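Let's walk through this fold together, one region at a time. Please keep the viewer open as you read.

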Amino acid sequence: MSDSDLVKLYSGRILELAADIPHHGRLPAPDGTARKRSPLCGSTVTVDLTLEGDRIASYGQDVKACALGQAAASLTARAMIGRTRDEVARARAELEAMLKRGGPVPAAPFDGLEVLLPARDYANRHASILLSLDATLAAMDAALTARAAG
């Protein structure tokens, strides 16, 4: 990766987002929790959430990732409250398609992920970018499973 590629990839906006992650921190009594790790780079994201009906009511995350993973976590966290599992799964599928297959930017309210378009060319960064959505889906699954076992 050349210096100019790094400058393009780690734009000012990405660094701003990485430094300002909303809903940072763990929840005291989550309905569901999940930790996901990217084996390639070692980035981890732990998500706690509570549900009201089938929607996320509260959301917390502990993010230990590269700037791209942090920026993705920052952007996704801004949209999480009120989302259903299907909405989060759709955002994850759209983000993966954008990164890996040249697909369009994810639909609102996840359209801010457009800032990660330069990462398309860096497959080794994709797993870290997807971590926050992967952890959110796993935490929702844990919450729904616990509710069903109830």
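This is a predicted model: local features need pLDDT of at least 70, side-chain atom pairs count only at pLDDT 80 or more; totals for chains, interfaces and linings use all residues.

In which sense do strand β1 and β2 pair, and over how many bridges? The two strands run antiparallel, with six bridges linking β2 to β1, which covers residues 32–37. Residues are numbered from 1 along each chain as its sequence is written, and side-chain values use heavy atoms, leaving out hydrogens and water.

Back to the hairpin. R37 sits opposite T44 of β2. Six residues lie between the strands of this hairpin, and G42 has a positive phi there, near 85 degrees. On the way from α2 to β1, the loop holds H23. Though not a glycine, H23 also has a positive phi, near 55 degrees. H23 counts as partly exposed because its relative accessibility is 34%; buried means under 20% relative accessible area, exposed over 50%, and partly exposed in between, using a 1.4 Å probe and protein chains only.

Now look at the cysteines. The structure contains zero disulfides (pairs of cysteine sulfur atoms within 2.5 Å). For C41, the nearest cysteine sulfur belongs to C66, 5.5 Å away. That distance of 5.5 Å between the sulfurs of C66 and C41 is too far for a bond. C41 is partly exposed at 42% relative accessibility, and C66 is partly exposed at 23%.

Next, the interior. In soluble globular proteins, nonpolar side chains tend to be buried together. Here the largest nonpolar core has 39 residues, and L49, I56, L95, L116 and I129 have the most contacts inside it. Such a core is a set of buried Ala, Val, Leu, Ile, Met, Phe, Trp, Tyr and Cys residues joined through side-chain atoms within 4.5 Å. Two or more core residues come from each of α2 (12–18), β2 (44–52), β3 (55–64), α3 (67–80), α4 (85–101) and α5 (126–149). Helix α5 gives the largest share, nine residues. I129 touches L68, G69, A72, L95, L99, L116 and A119, leaving out residues up to four places away in sequence; contact means heavy atoms within 4.5 Å.

Buried residues of α4 are V88, A91, R92, L95, A97, M98 and L99, and their cover includes β3, α3 and α5. After α4 comes G102, with a positive phi near 70 degrees. In the loop between α4 and α5 you will find P109, and the peptide bond from A108 to P109 is cis, with omega near 10 degrees.

Finally, turn to T76 in helix α3. T76 is buried because its relative accessible area is 1%. Its side chain reaches the backbone oxygen of A73 at 3.3 Å. Beyond its neighbours within four places in sequence, T76 contacts F110, L113, S132 and L133.

How values were computed. Helices (H or I, at least four residues) and strands (E, at least two) are DSSP runs, numbered from the N terminus. Two strands pair if DSSP finds at least two bridges between them. A polar contact is a pair of N or O atoms within 3.5 Å; within protein, one must be able to donate a hydrogen and the other to accept it, and residues adjacent in sequence count only if both atoms are side-chain atoms.
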